[in-house]
Amino acid sequence: MPIFEYVCRECASEFEKIVFGEPLDIDCPACGSKKTEKMISTFAVSGNGMKSLQRETGPCPCGAPRRGMCGENN
């Protein structure tokens, strides 16, 4: 289901809303304002393969900002 996170520019309340299609006006559930903004959300990851998602911090020898971003397994 498409769940989006919003923040109200009037009262600074953060909330989630299920939205199908392109939303035009999303009302703030706290104050009723239409001055809401969609936030950039992170995605959830589940499963037992978490070891493959763990990356070392620091720059990669190839020049990538973090190790593992270029596909090199250091």
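Analyst: The questions and answers below go from the overall layout to single residues, and they concern a predicted model.

User: What makes up the chain, and how do its elements run from the N terminus on?

Analyst: The chain has one helix and three strands, and from the N terminus on the order is β-β-β-α. Its accessible surface comes to about 6100 Å², of which 52% belongs to carbon and sulfur atoms, and 16% of the 74 residues count as buried.

User: What makes the largest nonpolar core a core, and which residues belong to it?

Analyst: The residues of a nonpolar core have to be buried and joined through side-chain atoms within 4.5 Å. Six residues make up the largest such set here, namely Tyr6, Cys8, Phe15, Val19, Ile26 and Cys28. For Cys28 the value can be set against the cut-off: its relative accessible area is 3%, and buried means under 20%, so Cys28 is called buried. Another member, Val19, is in contact with Pro2, Phe4, Tyr6 and Ile26 when its neighbours within four places in sequence are left aside.

User: Why are Arg9 and Glu37 called a salt bridge?

Analyst: The rule asks for a side-chain nitrogen of Lys or Arg within 4 Å of a carboxyl oxygen of Asp or Glu, and the closest N and O atoms of Arg9 and Glu37 are 4.0 Å apart; the pair is therefore counted as a salt bridge. Arg9 lies in the loop between S1 and S2 and Glu37 in strand S3, so the pair ties together parts that are 28 residues apart in sequence. Arg9 counts as exposed at 56% relative accessibility, while Glu37, at 42%, is partly exposed.

User: How many salt bridges are there by this rule?

Analyst: The count comes to three. One of them joins the side chains of Glu10 and Lys35, with 3.2 Å from N to O. Because Glu10 lies in the loop between S1 and S2 and Lys35 in the loop between S2 and S3, this pair ties together parts that are 25 residues apart in sequence. Lys35 is partly exposed, with a relative accessibility of 46%. The side chains of Asp27 and Lys34 also meet in a salt bridge, at 2.8 Å from N to O, and Asp27 is partly exposed at 39%.

User: Is Leu24 called buried or exposed, and why?

Analyst: Exposed means over 50% relative accessible area, and Leu24 has 78%, so Leu24 is called exposed. Leu24 is found in the loop between strand S2 (14-18) and strand S3 (36-38). Its C-alpha atom and that of Lys34, ten residues apart along the chain, are separated by 9.7 Å.

User: What makes the phi of Ala12 worth a remark?

Analyst: Most residues other than glycine have a negative phi. Phi of Ala12, however, is near 65 degrees, a positive value in a residue other than glycine. Ala12 is located in the loop between S1 and S2, and at 57% relative accessibility Ala12 counts as exposed. From Ala12 to Thr36, which are 24 residues apart in sequence, the C-alpha to C-alpha distance is 9.1 Å.

Note on methods:
Residues are numbered from 1 along each chain as its sequence is written. This is a predicted model: local features need pLDDT of at least 70, side-chain atom pairs count only at pLDDT 80 or more; totals for chains, interfaces and linings use all residues. Side-chain values use heavy atoms; hydrogens and water are left out. Buried means under 20% relative accessible area, exposed over 50%, partly exposed in between (1.4 Å probe, protein chains only). Contact means heavy atoms within 4.5 Å. Helices (H or I, at least four residues) and strands (E, at least two) are DSSP runs, numbered from the N terminus. Accessible areas come from the Shrake-Rupley method with a 1.4 Å probe; for residues, only the protein chains shown count as cover.
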